[in-house]
Amino acid sequence: LGIAFAYYGVILASAELLERDLVCGSTAPPMQDSGADSEESRSPCHCRLFGPAAYQTMIISTVGEIALNPLNILGINFLGRRLSLCITMGCTALFFLLLNICTLSTGMVGFLFMLHALVSANFNTIYIYTAEVYPTTMRALGMGTSGSVCRVGAMVAPFISQVLMSASFMGALCLFSSVCIVCAISAFTLPIETKGRALR
């Protein structure tokens, strides 16, 4: 639940962050609508079009989901599943909080890149661990139940990354970070390490 919550939260919050243009010292002029007094411009659902720089930021940050996979594989194999998941969840919490720091556009791209990489690493690790921790007799039930709980996290994420973030930016980031910290502690206290263990 926590990993899906963070994963979809990052994806949905990226657009919100770019729309808010949180880059310090940004000289981008405010968007002007031809019909500034129209009903559409006053609507809370009014969309602001992204420019080329925003799309470039989205593409670069999304590349993070595959770029650091080799490091993730090394971490899983050498540190073990629990410790690897604990570290990546802790780093995810940290980078959620770093999004609130006043930075240049390259810093924002770097933070989003690392967040995408970390949430992807979390998903990779939890899928490997979940498949390994359950014996064959109940592996399908365990994976199915975990997948169902995962969907709950995915359903809650839009309400935080879109609705709460528009009301309280820092509150939404702190909530994402808090969930990641709870997940990191939970990962550290898992009773079984499956590194090097044959599937039963």
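A residue counts as buried when its relative accessible area is under 20%. By that cut-off, buried residues make up 37% of the 200 residues in this chain. The model is predicted. The chain holds eight helices and zero strands.

**Overall layout**
- From the N terminus on, the elements run α-α-α-α-α-α-α-α.
- Take the contacts in the chain with a separation of 6 or more: residues 24 or more positions apart account for 81% of them.

**The nonpolar core**
- The largest nonpolar core has 35 residues.
- Within this core, M89, F96 and L99 touch the most other members.

**Helix α3 against α6**
- Helix α3 covers residues 52-67.
- α3 and α6 pack at an angle of about 35°, and their axes are 7 Å apart.
- Their crossing is right-handed.
- On the α3 side, the contact uses T57, I60, S61, T62, V63, G64, E65 and A67.
- On the α6 side, V109, L112, F113, H116, A117 and S120 meet them.
- By class, the contact of α3 with α6 has seven nonpolar, six polar and one charged residues.

**Helix α4 against α6**
- Helix α4 covers residues 69-79.
- The axes of α4 and α6 come within 10 Å and cross at roughly 40°.
- That angle makes α4 oblique to α6.
- α4 passes α6 in a right-handed crossing.
- N69, N72 and I76 of α4 make the contact with S120, A121, N124, T125 and I128 of α6.
- The residues of this contact divide into three nonpolar, five polar and no charged.
- S120 of α6 is listed in the contact with α3, and S120 is listed again in the contact with α4.

**Helix α6 against α7**
- α6 and α7 pack at an angle of about 150°, with their axes 9 Å apart.
- α6 brings F123, Y127, T130 and A131 to the contact.
- α7 brings R139, G142, M143, S146 and C150.
- The contact of α6 with α7 divides into five nonpolar, three polar and one charged residues.

Note on methods
Residues numbered from 1 in each chain as written. Predicted model: local features only at pLDDT ≥ 70, side-chain atom pairs only at ≥ 80, totals over all residues. Heavy atoms only, no water. Core = buried A, V, L, I, M, F, W, Y, C linked by side-chain atoms within 4.5 Å. Buried < 20%, exposed > 50% of the residue type's maximum accessible area, 1.4 Å probe, protein only. Axes fitted to C-alpha atoms, helices over the stretch in contact; angles between N-to-C directions. Helix = DSSP H or I, 4+ residues; strand = E, 2+ residues; numbered from the N terminus. Left-handed = near helix turned anticlockwise from the far one by under 90°. Contact = heavy atoms within 4.5 Å. Nonpolar A, V, L, I, M, F, W, Y, C, P; charged D, E, K, R; others polar. Parallel < 35°, antiparallel > 145°, perpendicular 65-115°, else oblique.
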